Amino acid sequence: DEINTFFPNLSEKDKKHIMEYVKEIIQMDHLLTIYSLESKDLDHALLFALIKSKTDNDSAIEQMSMAIKWNRMELAEEILNMETVQFSKEQLTSCMEQAILSDRKDFLNI
């Protein structure tokens, strides 16, 4: 009955449709990220959602670039440790160059 709290004026048919939609979303938990509005760490939540949603090499390089730009070393470590992604030497070199040029020397240690 929580749906009545948020949507008190919906018909029973619409409420049922919403519940079916919510169930579909929950089944795709790899695309679902829960963020607490009380947290002040929105950049972490955004990057984490991106990391969870795509795990191919191209998107991992983009995510690594964002982690370096946003100075989020813990996320860069998560990206590097993903089992589904294999970085080439050239890709890692490019990331390290970006870290150096962005004065993110701590990234060189991961």
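Buried means under 20% relative accessible area, exposed means over 50%, and partly exposed lies in between (1.4 Å probe, protein chains only). The model is predicted, so local features need pLDDT of at least 70 and side-chain atom pairs count only at pLDDT 80 or more, while totals for chains, interfaces and linings use all residues. Residues are numbered from 1 along each chain as its sequence is written, and side-chain values use heavy atoms, with hydrogens and water left out.

**View 1. Confidence along the protein chain.** The predictor's confidence in each residue is given as pLDDT, from 0 to 100. The protein chain has an average pLDDT of 82, and 92% of the residues score at least 70. Helices (H or I, at least four residues) and strands (E, at least two) are DSSP runs, numbered from the N terminus.

View 2. From first C-alpha to last, the 16 residues of α2 reach 23 Å, close to the expected 22 Å. The expected span is 1.5 Å times one less than the number of residues. One of the 16 residues of α2 is buried, so the helix lies largely in the open. Lys15 and Glu12 form a salt bridge, with their closest N and O atoms 3.6 Å apart; the term requires a side-chain nitrogen of Lys or Arg within 4 Å of a carboxyl oxygen of Asp or Glu. Because Lys15 and Glu12 are three residues apart in helix α2, about one helical turn separates them. Lys15 is buried at 9% relative accessibility, whereas Glu12 is exposed at 59%.

**View 3. The loop between α2 and α3.** This loop joins α2 (12-27) and α3 (42-53) and contains Ser39. Ser39 has a relative accessible area of 30%, so it counts as partly exposed. Its C-alpha is 25 Å from that of Ala60, 21 residues away in sequence. His30 lies in the loop between α2 and α3 and is partly exposed at 45%.

View 4. The whole structure holds three salt bridges. In one, the side chains of Arg72 and Glu74 meet at 2.5 Å, N to O. Arg72 is buried at 12%, and Glu74 is partly exposed at 31%. Another links Lys105 with Asp103 at 2.4 Å, N to O. Lys105 is exposed, with a relative accessible area of 52%, and Asp103 is exposed at 52%.
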